[in-house]
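This briefing is meant for a reader meeting the structure for the first time. Please keep the sequence and the 3D view open while going through the points below.

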Amino acid sequence: MKLQVSDLTKNYGEKEVLKDINFTFESGKIYGLLGRNGAGKTTFFNSLNEDIEIDSGEFKLDEEVLNTDDIGYATATPIVPEFLTGKEFLQFFLDINEKRIGKRKSIDDYFELVQLTKEDQDVLLKEYSHGMKNKMQILINIVANPKVILLDEPLTALDIVVQEDMKKLLKTLKKDHIIIFSTHILELAMDLCDEIVVLSNKHLELIEKDNLNTKKYKDKIINLLKEEEND
Amino acid sequence: MINYLTKSLEFDLIYSVNSFLYVLKGLPIFKDLLTEDVYKSGLLKRIVSAFMIVFLLARSLFLKFFYFFMILVACYEIFPDTLVQSYFHIYFVLTIIGMFINNKLLNTSKKKYFSIAIFKMNANKYAKSTLIWNQLSNLFLNTICILIFGSLINSPIIYSISLIIFTFFIRFIGEALNIKFYKKYHYVWYSNTRLYVSILTILLIIVCLPFINVYCSLKFINIITVICIVLGTISAKYLFEINDYRLMYQKIFSVVNVMNSKNDKDYLRQAMVEVKDKDKKIDSKKLKGKKGYDLFNTIFFERHREILLRSARKYSFILIGIYILISYLILIDSSFSTSVSKFLHNNLGWFVVIMYFVNRGAIITQAMFFNCDHAMLNYNFYRKPKNLLGLFKKRLLTVSKVNLLPALVIAIGNIVLLILCRNYDLLIIVSTFLFIIFLSIFFSVHYLVIYYLLQPFNKNLEVRKISYSFVTLLTYFVSYTLANVTVNSIVFSILGLLFTIIYIILALMLVYRFAPKTFKLD
């Protein structure tokens with residue numbers, strides 16, 4: 001499965017944020033999207049998810065125009081209906097997407113996936129911590145089984161145990177999905193991702209590892225990110 | 001489609017039930033009674049759900065009834081001789097206004113966002129099923145109300161039936177026009193303020209036509225109803241044939257848009273205290289020589305010129321205009337002069353209400369919290385009693401000074417009116433002047449003091465303390481009650497003066513004693 005981004009350009013008024021981006025993402029890999037603050041990572045995700053209007057460009061999934069139904073998007077600030085309990089939220093989602101999801105697991109099994117306890121299920125999402133809301137958002141995006149999963153800074157708010165579990169989960173999912181994972185924690189990206197893509201100077205660039213050791217690879221990425229400052 | 005509708009209604013119900021339980025749980029009496037698992041489905045939740053269904057139905061019915069009732073009362077009071085004509089006219093034009101402003105299909109709401117963007121409901125089915133539901137529920141409620149109120153004014157039933165049909169079909173036309181406009185211009189028409197205000201102004205003028213004895217005749221309404229049946233059917237067909245609701249919603253639904261939805265109470269509250277772009281840059285001369293909290297306070301007020309200073313000036317100009325108009329009327333009409341003189345000698349209480357509305361104390365404390373204290377109270381140095389009270393003093397001085405501007409206009413305006421009416425003595429001039437000035441200081445102190453003593457807001461600017469709501473309600477209630485008191489103005493102003501001076505002293509003492517403990521984040 002391939003997600004092809006062609007000639008993507010997005011401006012905010014006079015300011016160019018993304019310019020003529022051409023890139024192909026493939027299933028079986030987790031892509032780490034790195035970029036400095038304000039480089040346009042969220043804009044890139046919002047463009048893919050049609051949350052914002054782009055100036056030009058197109059997205060194709062296996063030669064077909066990308067449909068937003070094929071995308072699962074976990075935003076950096078989790079947006080959840082605060083006056084539902086975790087269980088009600090999931091239940092609603094499962095009921096509405098019955099056909100797409102197919103064979104359902106039990107609610108407890110789903111919660112176990114993201115390490116939320118039985119007690120948490122009946123608590124209002126309003127009372128969930130930021131990390132717990134994040135887990136719920138990721139869970140919803142996993143159960144819907146979308147072909148493309150966009151994760152905007154998803155693990156930063158989670159405790160280290162859950163982080164490890166989520167990493168394992170993402171690794172198991174990558175076979176049948178295209179996962180793009182944005183972060184500015186380099187170590188996290190290097191640990192989890194198969195490919196590192198840097199968003200710098202309005203372009204996406206794949207950083208080839210070229211048999212470099214970890215230290216040299218890291219330096220290569222940092223130097224590229226620094227270049228933006230010098231331009 | 002029915003499945004979508006039931007899911008959507010179920011979502012509404014659970015959301016309301018949980019919100020209700022959440023509020024209930026926050027009340028002191030229920031705090032201990034309701035356990036942590038109150039939201040778990042169980043007997044209590046089922047009972048509350050049943051209660052909520054009854055409540056929501058009753059509320060919809062009540063609101064509809066209230067709407068018709070208000071129209072009828074207004075017609076009965078203002079146009080008793082042409083009750084039927086004016087009733088039909090006003091309802092008819094208000095319904096046309098409703099066609100423009102009550103568009104449901106393209107408005108943004110969190111609920112719609114959750115349903116389509118998060119729960120991934122099919123947008124076409126969602127839009128169409130909610131449209132049917134809205135239309136049918138409105139048809140039901142309107143039929144009941146139009147028939148009942150029509151029979152109350154003894155209008156022939158045929159006209160009531162015509163209104164029911166008209167109301168039903170015109171909604172389709174409104175929704176269709178809205179979508180047509182959106183597809184052509186890529187924005188929802190009511191975001192164009194000029195267009196919005198122009199259309200509403202024209203329609204509101206038409207609503208007022210009965211004042212000059214012009215009405216939309218019943219025959220005219222019937223003809224429009226027939227036209228609406230035709231256009232409404234075409235519109236309904238158009239709305240049900242559209243298959244790109246998802247695309248439209250996706251564009252309207254940027255996350256920012258939804259979270260800042262115009263219907264969202266948090267957004268409205270926060271938008272009120274937003275720093276305006278033109279206030280972001282501060283004239284450096286104003287900050288020259290200032291430092292520490294003095295600088296901090298000056299920056300804050302300079303950034304809030306729109307909320308405080310500019311609006312105080314606006315009020316002052318409006319008041320000057322009103323006083324000039326009244327002065328002119330006094331000069332040309334002696335009976336008017338007598339009424340004004342009588343009013344100023346006996347109804348000083350009205351000025352309490354006027355000062356209540358003119359004073360910017362309530363809104364500026366919200367701005368203080370949202371744009372400043374909400375963040376600053378996290379720092380230890382800011383919470384130190386000496387710093388807290390020092391800033392309080394500076395704030396009080398600035399707020400009082402700004403609020404004095406409209407107060408001076410009123411105080412001097414009253415003196416001018418008394419002189420023009422040629423019915424005055426020195427005592428009434430001095431006492432009412434001082435009363436208005438102290439009343440202004442009173443309101444400035446009042447809002448700042450209750451803010452420092454109760455600090456009622458949470459990070460979304462919601463009022464979380466019943467005591468604060470109670471005090472603000474009481475303030476309004478007392479102000480309004482005083483307006484209806486008819487008493488000699490000299491007596492009223494001297495008593496008022498005494499009260500405000502004592503209140504100000506007591507309130508300041510309370511702040512100095514307790515604010516270091518009470519002024520904190522929730």
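In this predicted model, a loop of chain A between strand E4 (56–61) and strand E5 (64–65) holds Glu63(A), a residue that has a positive phi of about 70° although it is not a glycine. Glu63(A) counts as exposed, because 7 C-beta neighbours lie inside 10 Å of it.

**Confidence**
- The model scores ipTM 0.72 and pTM 0.66.
- For chain B the mean pLDDT is 85, with 96% of the residues of that chain at 70 or more.
- Within chain B, confidence is highest in helix H9 (residues 218–241), at a mean of 94, and lowest in helix H11 (residues 255–259), at a mean of 51.

**Chain A**
- Chain A contains nine helices and ten strands, and 39% of its 231 residues count as buried.
- When contacts in chain A between residues at least 6 apart in sequence are considered, 73% of them join residues at least 24 apart.

**Where the chains meet**
- The contact between the chains involves 19 residues of chain B and 22 residues of chain A.
- On the side of chain B that touches chain A, the elements giving two or more residues are helix H1 (2–26), helix H5 (110–118) and helix H10 (245–252) of chain B, and H1(B) gives the most, with seven residues.
- By class, the residues on this side of chain B divide into ten nonpolar, four polar and five charged.

**Helices H6 and H7 of chain B**
- Helix H6 (residues 123–152) of chain B packs against helix H7 (residues 157–185) of chain B at an angle of about 155°, and their axes are 9 Å apart.
- This angle makes H6(B) roughly antiparallel to H7(B), and the crossing of the two is right-handed.
- Residues that make the contact include Leu131(B), Gln135(B), Asn138(B) and Leu139(B) from H6(B), and Leu163(B), Ile164(B), Phe168(B) and Arg171(B) from H7(B).
- The contact of H6(B) with H7(B) has nine nonpolar, seven polar and two charged residues.

**Arg171 of chain B**
- Arg171(B), which is found in helix H7 of chain B, counts as buried because it has 26 C-beta neighbours inside 10 Å.
- Leaving aside residues up to four places away in sequence, Arg171(B) touches Met99(B), Gln135(B) and Asn138(B).
- Although Arg171(B) and Phe100(B) are 71 residues apart in sequence, they are 8.7 Å apart in space, taken from C-alpha to C-alpha.

- Helix H19 (residues 385–421) of chain B and helix H20 (residues 426–454) of chain B pack with their axes 8 Å apart, at an angle of about 150°.
- H19(B) and H20(B) are therefore roughly antiparallel to each other, and H19(B) passes H20(B) in a right-handed crossing.
- In the contact of H19(B) with H20(B), 19 residues are nonpolar, six are polar and one is charged.
- Gln455(B) is placed in the loop between H20 and helix H21 (466–483) of chain B, and its phi is near 25°, a positive value in a residue other than glycine.
- Because Gln455(B) has 20 C-beta neighbours inside 10 Å, it counts as buried.

Key
Residues are numbered from 1 along each chain as its sequence is written. Chains are lettered from A and ligands numbered from 1 in the order in which they are written. This is a predicted model: local features need pLDDT of at least 70, side-chain atom pairs count only at pLDDT 80 or more; totals for chains, interfaces and linings use all residues. pLDDT is the predictor's confidence in each residue, from 0 to 100. Helices (H or I, at least four residues) and strands (E, at least two) are DSSP runs, numbered from the N terminus. Axes are lines fitted to C-alpha atoms, for helices over the stretch in contact, and angles run from 0 to 180 degrees between N-to-C directions. Angles under 35 degrees count as roughly parallel, over 145 as roughly antiparallel, 65 to 115 as roughly perpendicular and the rest as oblique. A crossing is left-handed if the near helix is turned anticlockwise from the far one by less than a right angle, and right-handed if clockwise. Ala, Val, Leu, Ile, Met, Phe, Trp, Tyr, Cys and Pro count as nonpolar, Asp, Glu, Lys and Arg as charged, and the others, Gly among them, as polar. Two residues are in contact if their C-beta atoms, placed from the backbone, lie within 7 Å. A residue is buried if 20 or more other C-beta atoms lie within 10 Å of its own, exposed if 12 or fewer, and partly exposed in between; C-beta atoms are placed from the backbone.
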